[in-house]
Amino acid sequence: MSCSIKNYYAGGNTAHGFHSLFESNLQGLTKLFILKGGPGTGKSTLMKNVGKEWVARGFDVEYLHCSSDNESIDGVIIPKLSVGIVDGTAPHVIEPKAPGAIEEYVNLGSAWDSERLAADKERIKELSAEISISFQTAYSKFAEALAIHDEWEKIYIDNMDFGKLNVLTEKLKENFFGEIFLNKQATVKHRFLGAATPKGAVDFVPNLTGDVTKRYFIKGRPGSGKSTLLKKLAAAAEQRGFDVEIYHCGFDPNSLDMVIVREIGLAIFDSTAPHEYFPSRQGDEIIDMYTAAIAPGTDERYEEELKDISGRYKSKMDEATYFLARAKALHDELEAIYISAMDFKKIDQIQKGIRAAIELLAGVSSN
């Protein structure tokens with residue numbers, strides 16, 4: 001049985017601090033296991049193991065990746081079963097809608113040796129404080145980068161022909177949706193296609209668009225209307241009853257990077273750095289916003305100013321990434337303390353309990 005694995009982020013390290021979109025992606029689940037426990041208690045490993053088990057059974061699975069640790073995940077969803085498991089510790093605290101009926105808390109802290117941890121409590125407190133400072137510094141640097149990015153955008157906004165942009169938007173609406181209105185309520189999921197991570201910008205565009213028939217690659221400069229176009233297309237799709245996946249910018253969540261409407265095999269996305277791609281298969285098409293709506297010669301007229309802005313922006317982004325990497329290094333040290341105090345045989349038993357509960361919901365038995 002063929003199955004698909006979708007990878008995306010539901011939380012991100014942004015210019016506005018940590019931004020969560022978890023609630024949007026957990027909507028509609030009939031069972032949600034919320035894992036509680038400190039770092040190094042095996043939350044990510046447990047979720048990965050459950051995901052692998054259900055992929056092996058032929059079920060589609062979604063992995064919600066961790067923006068602060070490139071090797072970890074924050075959640076796993078099995079859509080056909082309407083079941084999910086998430087890391088419910090800060091900063092992605094999940095607010096339950098129906099505790100016990102839908103959400104079930106799973107305490108992985110029951111497997112640690114409290115006395116052993118108590119012996120390291122001062123170092124645990126020190127590391128936790130240093131990690132918090134590193135994240136806050138990173139967010140501050142991202143905010144400074146966003147202010148510089150606003151300077152960058154203003155140059156192109158001031159040279160934008162909004163009439164041409166509106167014509168392009170209406171043309172694309174017509175091409176994509178025509179006069180189709182579906183007789184149903186649209187399901188809308190808000191996500192991130194990528195994130196600022198300790199290893200720099202990471203994205204899952206190839207994975208998310210891999211089975212989409214028609215892909216549109218939006219090219220253009222900052223402020224050339226890419227996000228505005230995407231917002232209008234997403235609203236049009238939702239208004240017509242299409243299910244929509246809306247992918248926010250991992251740097252500025254107020255902007256959009258991609259819209260996918262799988263019911264008509266459509267993906268349209270900002271294909272500029274740091275998630276720059278080019279057509280690679282039949283059906284791929286480029287939309288050039290600079291050519292479509294920006295005054296000719298803008299790049300040349302502002303060449304020196306743009307070079308200065310670009311350099312300052314990159315410098316701030318590099319600084320922010322440094323502090324994310326520092327937070328990760330400190331977190332690794334904190335994890336090591338907890339790992340040394342864990343009884344992972346107990347975690348295995350907890351995982352078996354979750355597996356049995358999901359099998360019961362699915363009406364299947366263990367292999």
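**Rings, charges and a covered strand**

Modeller: Let's start with Phe59, which counts as buried because its relative accessibility is 15% (buried means under 20% relative accessible area, exposed over 50%, partly exposed in between, with a 1.4 Å probe and protein chains only). Trp54 is buried too, at 1%. A word on the ground rules: this is a predicted model, so local features need pLDDT of at least 70 and side-chain atom pairs count only at pLDDT 80 or more, while totals for chains, interfaces and linings use all residues. Residues are numbered from 1 along each chain as its sequence is written, and side-chain values use heavy atoms, with hydrogens and water left out.

Searching the whole structure turns up 13 aromatic pairs. For the cut-offs, rings of Phe, Tyr and Trp (its six-membered ring) pair if their centres lie within 6.5 Å; planes under 30 degrees apart count as stacked, over 60 as edge-to-face and the rest as tilted.

Tyr156 and Tyr290 are edge-to-face as well, because their centres lie 6.4 Å apart with the planes at 70 degrees. This pair links distant parts of the chain, 134 residues apart: Tyr156 is in helix H4 (residues 121–157) and Tyr290 in helix H8 (residues 289–293). Helices (H or I, at least four residues) and strands (E, at least two) are DSSP runs, numbered from the N terminus.

Arg191 lies over the face of Tyr8, 4.0 Å from the ring centre, and the charged end of Lys31 sits over the ring of Phe33, at 5.8 Å from its centre. The test is NZ of Lys or CZ of Arg within 6 Å of the ring centre and within 35 degrees of the ring normal.

Now the strand. E5 (residues 61–65) is largely enclosed by the rest of the structure, because 5 of its 5 residues are buried. Val61, Tyr63 and His65 cover one side, Glu62 and Leu64 the other, and all are buried. E5 runs parallel to E1 (residues 5–9), joined by 5 bridges (strands pair if DSSP finds at least two bridges between them), with Ile5 opposite Val61. E5 also runs antiparallel to E6 (residues 73–78), with 4 bridges, and His65 stands opposite Ile73.
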